[in-house]
Amino acid sequence: MIHDAIVAGGSYAGMAAALQLLRARRRVLVIDAGQRRNRAAATSHGFLTHDGADPAEIARTARAQLARYSTLTWVDDVVVSASGERDAFTVETGGGTSHEGRRLLLAIGVSDALPALPGLAERWGRSVFHCPYCHGYELDRGAIGVIATGPLSLHQALLLAEWGTVTLLANGALDLDADARASLHQRGVAIEATPVARLDGRADAVLADGRVLRFAGLFAAPRNAPASDLAQQLGCGLMDTPMGVQIRTDEAKQTTVPGVYACGDAARVPHSVSLAVGDGAWAGAQVHQSLVFPAAT
């Protein structure tokens, strides 16, 4: 069977896109391996009607709602290769199956290049975060540490002063000139130059000189990139952003390759559940319209 659209990635953006197509009675294949980026987080915030909900439950509810549509096919797998052209795409899964579709939507998410700091990876999404709008409120105006990873960390530290008392842990990753120091001072942000040796407890920074700085939560700004190389396989253009690399798309969420669309974290910044859902919904509608009005897209 040739599907009207194949959605590679069935997290929030992918499911939101699929929903628009299913409601237009189109044949949609979603292929997803269940590796949500926020799978370590216990709660999701900032998503209207779901504020404070378990992000896994949001995903389960969304999938159950999609399953009510008879034109959905869902495959629990990962797309490992993609080829073809508009109206004739083929994808291969890790399980060895092949599928054909007229349009291809990449909702593949991103991978985060976390700082190589002992104790950080196992706390990522639990007590070390990247989005203040998602997790800042719950820190209850407590002490917040920002682990510097590069220039974006200065912006992060200045912004986080809205949510608590901030210490910027320069950690050898950030050179602060006089203007930067003045801006931090004005916002009440302390600067700690001693490198961080490791993280301990819930959100404790153990410094190289043995001191321990205890925080309600920590933030870092990792570089990220699309979680798979499908865009490169297809020849889609990429672009650099302050947060990393993303798939280049136009206003209709079409990539530089006709018939290939992209949405969610892999195709926009900044990142959150609510923004991913909105981006996916728009992408799904645009994919549908490309099927109805092919000459216009």
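Trainee: At roughly what angle do the axes of helix α1 and helix α2 cross?

Mentor: This is a predicted model, in which local features need pLDDT of at least 70 and side-chain atom pairs count only at pLDDT 80 or more, while totals for chains, interfaces and linings use all residues. Residues are numbered from 1 along each chain as its sequence is written, and side-chain values use heavy atoms, with hydrogens and water left out. Helices (DSSP runs of H or I, at least four residues) and strands (runs of E, at least two) are numbered from the N terminus; axes are lines fitted to C-alpha atoms, for helices over the stretch in contact, with angles from 0 to 180 degrees between N-to-C directions. The axes of α1 (residues 12-23) and α2 (residues 55-66) come within 10 Å, and they cross at roughly 20°.

Trainee: Are α1 and α2 roughly parallel or roughly antiparallel to each other?

Mentor: Angles under 35 degrees count as roughly parallel, over 145 as roughly antiparallel, 65 to 115 as roughly perpendicular and the rest as oblique. The crossing is at roughly 20°. The two helices are therefore roughly parallel.

Trainee: Which residues of α2 meet α1?

Mentor: Contact means heavy atoms within 4.5 Å. From α1, the residues involved are Y12, M15, A18, L19 and L22. Their counterparts in α2 are P55, A56, I58, A59, A62, R63 and L66.

Trainee: Which residue stands opposite V128?

Mentor: Strand β8 runs parallel to β15 (residues 217-220), joined by two bridges. The residue of β15 opposite V128 is L218.

Trainee: How many residues apart in sequence are the parts tied together by F129 and F219?

Mentor: Aromatic rings of Phe, Tyr and Trp (its six-membered ring) pair if their centres lie within 6.5 Å; planes under 30 degrees apart count as stacked, over 60 as edge-to-face and the rest as tilted. F129 and F219 form a tilted pair, 5.6 Å centre to centre with 55° between the planes. F129 is in β8 and F219 in β15, so the pair ties together parts whose separation is 90 residues.

Trainee: Is Y133 buried or exposed?

Mentor: Y133 and W163 form an edge-to-face pair, with centres 5.3 Å apart and planes at 90°. Buried means under 20% relative accessible area, exposed over 50% and partly exposed in between (1.4 Å probe, protein chains only). W163, at 15%, counts as buried. Y133 has 59%, and is exposed.

Trainee: In the hairpin of β5 and β6, which residue takes a positive phi?

Mentor: Strand β5 (residues 88-93) runs antiparallel to β6, joined by four bridges, and T90 stands opposite E100. Four residues lie between the strands. The one with a positive phi, near 90°, is G96.

Definitions and conventions: Two strands pair if DSSP finds at least two bridges between them.
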